[in-house]
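Here is my note on the model below. Please read it with the structure open and check each point by eye.

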Amino acid sequence: MSLKPIGRVQRALLLIALVAALGTGAYFAFEYTLVAQVQEALAQPDTTDAIAYGRTLFQTRGCAGCHTLEDAGSMGDEGPDLSKLATRHDAASIRQSIATPNAVIAPQCPEGPCEANIMPPFGAILTPDQIDALVAYLMQA
Ligand code: HEC
């Protein structure tokens with residue numbers, strides 16, 4: 001008898017934890033996958049033109065929200081300005097920065113030193129072809 005109210009509280013807490021976990025996962029999928037796929041379908045990018053496809057992905061996959069890039073007309077200020085990135089990085093290091101952002105943390109962000117765990121690990125979100133397209137785009141943007 002006396003355990004019953006505790007059991008109920010625990011069940012409620014478990015339910016809250018479950019809903020929070022599902023909500024976080026769903027938001028992540030929603031923001032970086034589902035919404036993006038709808039936007040990409042509407043934009044109808046030519047996926048055989050890596051630079052054009054990369055430009056579309058930059059707009060639809062959240063990059064623009066965090067990064068300033070003149071060519072893309074974006075003004076995000078969470079991460080470094082990506083304009084003329086090829087003057088500082090080669091293709092391999094750009095690829096690594098996108099796929100596994102925590103591997104190397106860029107030194108300077110608009111609002112101070114850059115921090116880890118802010119940029120999502122796009123190696124787990126995008127296909128290798130999509131990352132190739134983003135690298136091709138950023139190499140010349
Ligand atoms: C939630 C914010 C956020 C999103 C979304 C995001 N980034 Fe980042 N990005 C950052 C931050 C913060 C850093 C600096 C920390 C680091 O190096 O991991 C960074 C670093 C980078 C770097 C390294 C820059 C340098 O000067 O060394 C590249 C390249 C990059 N991001 C590309 C992208 C691309 C392409 C996308 C979209 C697929 C993207 N980012 C999405 C926040 C973000």
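1. **What covers helix α5.** The buried residues of α5 are covered by elements that include α2 (50-60) and α4. Cover here rests on contacts: two residues are in contact if their C-beta atoms, placed from the backbone, lie within 7 Å. Helices are DSSP runs of H or I with at least four residues, numbered from the N terminus. This is a predicted model: local features need pLDDT of at least 70, side-chain atom pairs count only at pLDDT 80 or more, and totals for chains, interfaces and linings use all residues. Residues are numbered from 1 along each chain as its sequence is written.

2. **Helix α5 itself.** It runs over residues 128-140, 13 residues in total. From first C-alpha to last it reaches 19 Å, close to the 18 Å expected at 1.5 Å a residue. The expected span is 1.5 Å times one less than the number of residues. Which residues of α5 are buried? They are Gln130, Ala133, Leu134, Val135, Tyr137 and Leu138. A residue is buried if 20 or more other C-beta atoms lie within 10 Å of its own, exposed if 12 or fewer, and partly exposed in between; C-beta atoms are placed from the backbone.

3. **Helix α2.** This helix is mostly covered, with eight of its 11 residues buried. Among them are Tyr53, Arg55, Leu57 and Phe58. Just after α2, Gly62 takes a positive phi of about 90°.

4. **The core.** The largest nonpolar core has 17 residues. Such a core is a set of buried Ala, Val, Leu, Ile, Met, Phe, Trp, Tyr and Cys residues joined through C-beta atoms within 7 Å. Those with the most contacts inside it include Leu57, Ile94 and Leu138. α2, α4 and α5 each supply at least two residues of this core. α5 gives the most, with five residues. Leu138 touches Leu82, Leu85 and Ile94, not counting residues up to four places away in sequence. In soluble globular proteins, nonpolar side chains tend to be buried together.

5. **An exposed residue.** Ala41 sits in helix α1 (residues 4-43). Why does Ala41 count as exposed? Because it has 10 C-beta neighbours inside 10 Å. The C-alpha atoms of Ala41 and Val104 are separated by 33 Å.

6. **Around the ligand.** Of the 23 residues around the ligand, Cys63, Cys66, Gly79, Ala106 and Met119 come nearest. The elements that give two or more residues to this shell are α3 (63-66) and α4 (91-99). A residue is near a molecule if its C-beta atom, placed from the backbone, lies within 6 Å of it.
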